Amino acid sequence: MANEDATPTEDFAQLLARLKDEYGVNDSAIASAIGVSVSTVNTWVHRKRQPRPEALHKLAARYPKFTEDQIFAAAGRKTPGPLSPAAEERLLELFRGLTAEQQEIKELELRALNEHNRSALS
């Protein structure tokens with residue numbers, strides 16, 4: 001796995017400062033580029049909140065000089081594994097074959113794994 005054992009050398013606010021310097025952008029430009037409000041970016045800059053994985057993916061896509069591994073590590077999260085459309089369809093097909101109760105159990109398990117990944121580097 002990409003950054004499971006990596007200890008971030010900078011936090012997310014520091015990474016954002018580097019990103020702004022590297023690309024010559026401000027909070028407003030970042031917000032616009034990834035579809036969040038300026039106040040949301042401001043909460044990241046001032047270390048009040050951490051971004052959601054969707055925002056981290058968008059940052060990596062919009063600012064490719066910073067890898068997903070770097071961005072996720074700075075945010076204190078593990079980088080999610082890749083999921084191809086074919087793999088996603090296979091998983092959905094398997095999920096559809098479960099009973100309603102089994103689907104609820106699997107959803108709880110997946111939420112627990114995601115929460116573990118969010119807190120593992122914090």
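1. Ala33 sits in helix H2, where helices are DSSP runs of H or I with at least four residues, strands are runs of E with at least two, and both are numbered from the N terminus. With a relative accessible area of 30%, Ala33 is partly exposed; buried means under 20% relative accessible area, exposed means over 50%, and partly exposed lies in between, using a 1.4 Å probe and protein chains only. Leaving aside neighbours within four places in sequence, Ala33 is in contact with Arg62 and Tyr63, contact being heavy atoms within 4.5 Å. Tyr63 is 30 residues from Ala33 along the chain, and the C-alpha atoms of the two are separated by 9.2 Å.

2. A word on the basis of these values. The model is predicted, and local features need pLDDT of at least 70, side-chain atom pairs count only at pLDDT 80 or more, and totals for chains, interfaces and linings use all residues. Residues are numbered from 1 along each chain as its sequence is written, and side-chain values use heavy atoms, with hydrogens and water left out.

3. The protein chain has seven helices and zero strands, and along the sequence its pattern reads α-α-α-α-α-α-α. Of its 122 residues, 26% count as buried. Among contacts between residues at least 6 apart in sequence, 60% join residues at least 24 apart.

4. Helix H2 (residues 27-34) meets helix H4 (residues 53-62): their axes come within 9 Å and cross at roughly 105°. The axes are lines fitted to C-alpha atoms, for helices over the stretch in contact, and angles run from 0 to 180 degrees between N-to-C directions. H2 is therefore roughly perpendicular to H4, since angles of 65 to 115 degrees count as roughly perpendicular, under 35 as roughly parallel, over 145 as roughly antiparallel and the rest as oblique. H2 contributes Ile30, Ala33 and Ile34 to the contact, and H4 contributes Ala55, Lys58, Leu59 and Arg62. By class, this contact of H2 with H4 has five nonpolar, no polar and two charged residues. Here Ala, Val, Leu, Ile, Met, Phe, Trp, Tyr, Cys and Pro count as nonpolar, Asp, Glu, Lys and Arg as charged, and the others, Gly among them, as polar.

5. Trp44 lies in helix H3 and is buried, with a relative accessible area of 4%. Not counting residues up to four places away in sequence, Trp44 touches Phe12, Ala13, Leu16, Ile34, Val36, Arg49, Gln50, Pro51 and Ala55. Phe12 is 32 residues from Trp44 in sequence, and the pair are 7.2 Å apart in space, C-alpha to C-alpha.

6. The volume of the second largest pocket is about 200 Å³. On a 1 Å grid over the protein atoms alone, a pocket is an open set of points with protein on both sides within 12 Å along at least five of seven lines, and lining residues have an atom within 4 Å of a point.

7. Two loop residues may be checked as well. Arg47 is in the loop between H3 and H4; its phi is near 60°, a positive value in a residue other than glycine. Arg47 is exposed, with a relative accessible area of 51%. Pro80 is in the loop between helix H5 (68-74) and helix H6 (85-96) and counts as partly exposed at 37% relative accessibility. Pro80 touches His57 and Phe72, not counting residues up to four places away in sequence.

Note on methods: On a 1 Å grid over the protein atoms alone, a cavity is a set of points where a 1.4 Å probe fits but cannot get out, and a pocket is an open set with protein on both sides within 12 Å along at least five of seven lines; lining residues have an atom within 4 Å of a point. Grid points are joined across faces, edges and corners, and a volume is the space filled by probe spheres set on the points.
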